[in-house]
Amino acid sequence: MKIIMLGAPGAGKGTQAKRIAEKFGIPHISTGDIFRANIKNGTELGKEAKKYMDEGKLVPDELTVRILLDRVKDADCSKGYVLDGFPRTIPQAEVLDSELAKLNEKVDYAVDVDVPDENIVKRMSGRRACLNCGATYHLEYLKPAKDGVCDKCGSELVLRDDDKPETVNKRLKVYHEQTQPLIDYYSKKQILHAVDGTVDPDEVFKAIEAILK
Ligand code: AP5
C-alpha cells in the first residue's frame, strides 16, 4: 500500500503518517525528517537543504527526488510506505509516478489533511520536535510526559527553526503556490481523499482508517 499525505505545513501529516505506519506495518518516510537528520549530522546535503528550509522555501526538486527515490528502494519498502512531505510539487509527483510505472506500481491513496491557514500559525508555535528521533509534540494538544523531553528517546525537545511565525507564513505561501496544485493532480487520478484536520488527532486517524480499509 502506497500512501501520500498532503496538507499545509503543520496540518498534522507527520502525526497521522506515524500512526498509519504503525497500524499497517509500513515505513513512514518524511523528506523533512531526512533533511533534518542530515543537517544534524552536518552532511553536505544537510548544509545545502538548510539554506532553503530556514527561509521557508522548498529544497530544489533535483536534490529531493534523488533522496526519495533512493529511500523507497530500501527493502523495508517492499510492502509499501507512507510518504509525508513528498511530493510537494507537480514535477516531484510526475517523477514518482513515472518511476513507479516502470515497476508496474502506483500510488494507492493521497490523503489531504485539511486545516485552514488561521489554525496553522498557532499550531506551529506550540509544536516541539525531537531532532533525534523525529517525534513531535504540542504544548497544548499533545504534551510529552516530562516537559521538554522526548517520551520515545529521552532527547531534548525544541522549537524548529522554521516554526517561527515569520517563516511559517512564508511556508504557507509556498504551500499554496507549489503544493496545493497536487490536490487537483490526485483528484484527477481519483485517489484523493480529504479529511478534516481541525478535530482531535484520534478523530482524524479514525477518518483516515475508514478510507484505507
Ligand atoms: P516538513 O518537515 O515536511 O514540514 P511541513 O510539511 O511543513 O510539515 P510539518 O512537519 O511542519 O507539519 P505536519 O503537517 O507534519 O504536522 P505535525 O504532524 O508535525 O518539511 C520541512 C521543510 O523541508 C520544508 O519547508 C522544505 O524546505 C523541506 N522539504 C521537505 N520535503 C520537501 C520536498 N518534497 N520538496 C522540497 N522541499 C522539501 O503537526 C503539527 C503540530 O500540530 C504538532 O505539534 C502536532 O502535535 C499538532 N497537531 C497535529 N494534529 C493535530 C490536531 N488534529 N489537533 C491539534 N494539534 C495537532
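The tour of this predicted model goes from the sheet to the cores and then to the helices.

**The sheet**

Begin by selecting the five strands of the open sheet, which come in the order S2-S3-S1-S4-S8 and pair in parallel. At the edges are strand S2 (28–30) and strand S8 (192–196), each of which pairs on one side only. Look along the sheet to see the twist, which averages 25 degrees from one strand to the next.

Now zoom in on strand S3 (residues 81–84), which runs parallel to S2 and is joined to S2 by three bridges. To find one place where they meet, select Ser30, whose bridge partner in S3 is Asp84. Then turn to strand S1 (residues 2–6), which pairs with S3 in the parallel sense over four bridges. Here Lys2 has Tyr81 of S3 as its bridge partner.

Show the side chains of S3 next. Which residues point which way from S3? Tyr81 and Leu83 point one way, Val82 and Asp84 point the other way, and all are buried.

**The cores**

Select Ile3, Met5, Ile20, Val82 and Ile208. Among the 24 residues of the largest nonpolar core, these touch the most other members. At least two residues of this core come from each of S1, helix H1 (13–24), S4, helix H6 (117–126), H7 and helix H9 (201–212). The element that gives the most is H9, with five residues.

Stay on Ile3 and display its surroundings. Neighbours within four places in sequence aside, Ile3 is in contact with Ile20, Ile26, Tyr81, Val82, Leu83, Tyr109, Val111 and Leu212.

Then select Leu6, Leu68, Cys77 and Leu96, which are included in a second, separate core of 20 residues.

**Helix H6**

Move to H6 and pick out its buried residues: Ile120, Arg123, Met124 and Gly126. Look down the axis: they cover an arc of only 155 degrees, which puts them on the same side of H6.

**Helices H7 and H8**

On the H7 side, select Tyr175, His176, Glu177, Gln178 and Thr179; on the H8 side, Pro181, Leu182 and Ile183 make the contact. Coloured by class, the contact shows four nonpolar, three polar and one charged residues.

Which residues of H8 are buried? Leu182, Tyr185 and Tyr186 are. Viewed down the axis of H8, these buried residues fall within an arc of 85 degrees, so they line one face of the helix. They pack against S1, helix H5 (90–102), strand S4 (109–114), H7 and S8.

For the last stop, step just past H8 to Gln190, where the backbone takes a positive phi of about 60 degrees.

Key: Residues are numbered from 1 along each chain as its sequence is written. This is a predicted model: local features need pLDDT of at least 70, side-chain atom pairs count only at pLDDT 80 or more; totals for chains, interfaces and linings use all residues. Side-chain values use heavy atoms; hydrogens and water are left out. Contact means heavy atoms within 4.5 Å. Ala, Val, Leu, Ile, Met, Phe, Trp, Tyr, Cys and Pro count as nonpolar, Asp, Glu, Lys and Arg as charged, and the others, Gly among them, as polar. Two strands pair if DSSP finds at least two bridges between them. Axes are lines fitted to C-alpha atoms, for helices over the stretch in contact, and angles run from 0 to 180 degrees between N-to-C directions. Buried means under 20% relative accessible area, exposed over 50%, partly exposed in between (1.4 Å probe, protein chains only). The arc is that of the directions from the helix axis to the C-beta atoms. A nonpolar core is a set of buried Ala, Val, Leu, Ile, Met, Phe, Trp, Tyr and Cys residues joined through side-chain atoms within 4.5 Å.
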